[in-house]
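Please find below a short note on the model under review.

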Amino acid sequence: MTEKLFKKWKQWEDESTKFISITLAPDIEVCVTNRGKRILTDEEIERIKEMYQEGYHNSEYADLIINNSTQEPEETLQQVTSFLSKYIKF
């Protein structure tokens with residue numbers, strides 16, 4: 001998330017609306033690896049590397065950052081729902 005987007009989100013918040021930013025930040029080696037049927041292009045790999053260098057995986061604007069490199073999707077979901085339960089009744 002960029003500072004510009006963060007500030008825009010914050011302008012929309014009020015007493016009944018809160019925007020929450022959750023960043024999935026697997027290790028760079030995981031990000032640049034082909035997963036499933038999707039084959040990353042060289043350009044995509046380079047952009048991922050640039051984004052990591054720019055710090056998108058460790059955003060100061062994230063409310064929660066999850067390194068899900070070794071997690072099953074269900075584990076990541078559990079972390080997200082546990083975090084959100086502070087704000088939302090499920």
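Which exposed residues does the face of α3 turned away from its buried side carry?

1. In this predicted model, that face of α3 carries Asp42, Glu43 and Gln53, which are exposed.

2. The buried residues of the helix are Ile45, Ile48 and Tyr52. Viewed down the axis of α3, these buried residues fall within an arc of 60 degrees, so they line one face of the helix. The cover over the buried residues of α3 includes α2 (28–31).

3. Helix α3 spans residues 42–53, twelve residues in total. From its first C-alpha to its last it reaches 17 Å, close to the 16 Å expected at 1.5 Å a residue. Just after α3, glycine 55 adopts a positive phi of about 90 degrees.

4. Four aromatic pairs are present in the structure. One of them joins tryptophan 12 and phenylalanine 19; this pair is tilted, with 6.1 Å centre to centre and 55 degrees between the planes. Phenylalanine 19 counts as partly exposed because its relative accessibility is 26%, where buried would require under 20%. Together, Trp9, Trp12 and Phe19 make up one aromatic cluster.

5. Phenylalanine 83 and tyrosine 87 also form an aromatic pair. Their rings are tilted, with 5.7 Å centre to centre and 55 degrees between the planes. Phenylalanine 83 has a relative accessible area of 10% and is therefore buried. Tyrosine 87, with a relative accessible area of 42%, is partly exposed.

Definitions and conventions
Residues numbered from 1 in each chain as written. Predicted model: local features only at pLDDT ≥ 70, side-chain atom pairs only at ≥ 80, totals over all residues. Heavy atoms only, no water. Helix = DSSP H or I, 4+ residues; strand = E, 2+ residues; numbered from the N terminus. Expected span 1.5 Å × (residues − 1). Buried < 20%, exposed > 50% of the residue type's maximum accessible area, 1.4 Å probe, protein only. Arc of directions from axis to C-beta. Contact = heavy atoms within 4.5 Å. Phe/Tyr/Trp six-rings, centres within 6.5 Å; stacked < 30°, edge-to-face > 60°.
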